[in-house]
Amino acid sequence: MTDTPITPDVTALPRLPKRADGKVNLVGLTRPRLREALIAAGTPEKQAKMRADQLWQWIYQRGEADFAAMTNLAKAYRATLAEHFVIERPEVVSKQVSADGTRKYLVRISGGHEVEVVYIPEEDRGTLCISSQVGCTLTCSFCHTGTQKLVRNLTAGEIVGQIMVARDDLDEWPNPGEGSDLRPRLLSNIVLMGMGEPLYNFENVRDAMKIAMDPEGISLSRRRITLSTSGVVPEIARTAQEIGCQLAVSFHATTDEVRDKLVPINRKWPIAALLDALRAYPKASNSERITFEYVMLKGVNDSDADARRLVQLIRGIPAKINLIPFNEWPGAPHERSDWERIESFADIIYKAGYASPIRTPRGEDIMAACGQLKSATERARKSRAQVEADAGL
């Protein structure tokens, strides 16, 4: 296998991507860029900040997509906005609902590409798993998404648009006349754990998350947003400084020899370098602790010796360890660890003083579980031998 690139070769979209009709989508523009776009369309500079604030609340607090409905703006100005701009989410191609209530959306973005988005309802929260790239460049051997070639990064609008699509489906936006806090908050948490490596698309992910955290819009606390990385070490400190959300790391192995095979990015930034970056993160971002994600693979990384090694590696890092029973998919080169083995592994970690919850698989019947996401049009099945060869096993 070729080395995992430090900077993947992906198509970059223009700063203000325009549609075929020349209009600019306002979804995904940061506040300064929104103000700039309004001035470029003829809004007087002295009014631009106020107009941007008004639009921000309509788009992200009320979910409005029709300029004509924005009644605190003059009719002539609404017509000007409609002439130059749109408020556009990704297109929902299909929605599947699992027996456990998990919802999986296949959404289409610019260029006809598709990504998957998953909403997971629980008693005390509703978590949305969103994607940051079309496909993925990392080829982690246990991950179905990694068998789909990387096509391009998502724009900030396409990332935050996934949140808006889910809120549309959950009927979470306030109706006219309702306060923004009247309806129950069904979507309370975001995890960047869908398709792609978020830190290979840093600027767009950062801008989208700043929109999600803005108190005058979607208004999610940074503590309710978790970014999961496979270990792009140079961007971890930047994430602490510029986003400040919770951090999860796809760890999955306790030796470089095994992690090189499971998570190929480890060949560029091995375990020691990754742990050095992680030790600094909680203090730099004011986060409570780092989540170590550890998928349980039968006979690969699930021994008692692995558990004891993991405890030694993370010593000194405020952490919890999420143990993830492997979610199988057609052609997968691994098997799920036996339940007794997972429990034994968890017990060693728990006795060492770390939380070690075993993640309950969700949405397996609709291929919505962790590591199973792959857009339907790209879901050409590979044989086990092909997957192993691609992963360098």
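F251 and F292 are both buried. Keep that pair in mind. A word of caution before going on: this is a predicted model.

Now, the aromatic rings. Searching the whole structure turns up three aromatic pairs. One of them joins F251 and F292, whose ring centres sit 5.3 Å apart. Their planes meet at 85°. Edge-to-face pairs have planes over 60 degrees apart, so this pair counts as edge-to-face.

Where do F251 and F292 lie? F251 is in the loop between β11 (246-250) and α7 (256-262). F292 belongs to strand β12, residues 290-296. The pair therefore ties together parts that are 41 residues apart in sequence.

Is L278 buried or exposed? Its relative accessible area is 0%. Buried means under 20%, so L278 is buried.

What does L278 touch, leaving aside its neighbours within four places in sequence? It is in contact with I236, L247, V249, I290, F292 and I317.

L278 and P318 are 40 residues apart in sequence. In space, their C-alpha atoms are 9.6 Å apart.

Last, two arginines over rings. R51 lies over the face of Y77, 5.1 Å from the ring centre. R167 lies over the face of W173, and there the distance to the ring centre is 4.3 Å.

Methods
Residues are numbered from 1 along each chain as its sequence is written. This is a predicted model: local features need pLDDT of at least 70, side-chain atom pairs count only at pLDDT 80 or more; totals for chains, interfaces and linings use all residues. Side-chain values use heavy atoms; hydrogens and water are left out. Buried means under 20% relative accessible area, exposed over 50%, partly exposed in between (1.4 Å probe, protein chains only). Contact means heavy atoms within 4.5 Å. Rings of Phe, Tyr and Trp (its six-membered ring) pair if their centres lie within 6.5 Å; planes under 30 degrees apart count as stacked, over 60 as edge-to-face and the rest as tilted. Helices (H or I, at least four residues) and strands (E, at least two) are DSSP runs, numbered from the N terminus. A charge sits over a ring if NZ of Lys or CZ of Arg is within 6 Å of the ring centre and within 35 degrees of the ring normal.
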